Amino acid sequence: MANLTLLYAKAALTGFARRGSALPSSSLDAELTVDRAHLDAYRAVCGFGVRDELPITYPHVLGFPLQIGLMTARDFPFPLPGLVHVANRITRTRPLLVTDPLSVRVELADLRPHERGRQFDVVTTVSRGGEEAWVDVSTYLRRDGGSGGSSGSGGSGRSGSAGRGGRAEAPEPTAVWRLPGDLGRRYAAVSGDRNPIHLHALAARAFGFPRAIAHGMWSKARAVAAFEGRLPDACEVDVRFKAPIPLPGRVDFSTTPTGDGRRFAVWSDRPHLEGVIRG
């Protein structure tokens, strides 16, 4: 598996030289088994209990080194610093177990215009016994002034009803999360995502944030942990990351039923994450 420290250093050193208008067609693959100590650490920081079944968000961190490997390759057109993770959709056709040997493949797809630049997908597929069981589509935005088009990802729709002036009203909370200042460092230790904006306020300020911010995939995992044991074997969990969550902080979590699943949201004075479970 790739050395993430070296890949981040490579991204910092080569970002200024990256130019292009197409994604490479290459992919990366790995054969993995689950490290139980690593899984336990992930469960602890994200709020999952101990079960034979892997948390539905956990394979994302298994594929993360491959994702970064593709996005720091010579033919990748964008600098890694500055990419914004705007959406993530996980589709599971069957649960994965702690004991399963896993085949992981990561590829890039669908570079397309966005009103603020361009966006693309990083697709991670996990198979068990030669059969696809889990697919993760992470959508990233590269801001570059915009192309006049919009796909709608990362900025469309809000939970709740429209209030005065069109502003969405916060849904009624079902739980309150109090997030410690070291949450970004703790999640970075298990996910490998050591983007400076998540680690320390000083580093985050260099990128325009007054404080460190929580990882988007931590907020998705923490939300999904609220449904642990109640997700259908075959399901889809689709989220949009709306605004950063400053650390330390306090946010509200809400969930409401829909015709075929649940809708959920993470709020404070604004929406941070909005998602839906279907299945």
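This report describes the fold of one protein chain, taken from a predicted model.

## Basis

The model is predicted, so local features need pLDDT of at least 70 and side-chain atom pairs count only at pLDDT 80 or more, while totals for chains, interfaces and linings use all residues. Residues are numbered from 1 along each chain as its sequence is written, and side-chain values use heavy atoms, with hydrogens and water left out.

## Overall make-up

The protein chain holds six helices and ten strands. These are DSSP runs numbered from the N terminus: helices are H or I with at least four residues, strands are E with at least two. The chain has 279 residues, and 49% of them count as buried (under 20% relative accessible area, 1.4 Å probe, protein chains only).

Take the contacts between residues at least 6 apart in sequence: 71% join residues at least 24 apart. A contact means heavy atoms within 4.5 Å.

## The sheet

Ten strands make up an open sheet with antiparallel pairing. Their order is S1-S3-S4-S5-S2-S7-S10-S9-S8-S6. Two strands pair if DSSP finds at least two bridges between them. The edge strands are S1 (27-32) and S6 (175-179), and each pairs on one side only. From one strand to the next, the twist averages 15°.

Ser27 has Glu107 of S3 as its bridge partner.

## Helices on the sheet

Helix H3 (residues 58-71) packs on the sheet. H3 touches S1, S2 (84-92), S3, S4 (117-128) and S5 (131-143). The direction of H3 makes about 55° with that of S3. Axes are lines fitted to C-alpha atoms, for helices over the stretch in contact, and angles run from 0 to 180 degrees between N-to-C directions.

Helix H6 (residues 216-225) lies across S2, S6, S7 (235-241), S8, S9 and S10. H6 runs at about 135° to S7.

S8 (residues 249-257) and S9 (residues 261-267) form a hairpin, with three residues between them. Their antiparallel pairing spans six bridges. Thr256 has Arg263 of S9 as its bridge partner.

S9 also forms a hairpin with S10 (residues 271-278), again with three residues between the strands. S9 and S10 pair in the antiparallel sense over seven bridges. Here the bridge partner of Val266 is Leu273 in S10.

Terms used: Buried < 20%, exposed > 50% of the residue type's maximum accessible area, 1.4 Å probe, protein only.
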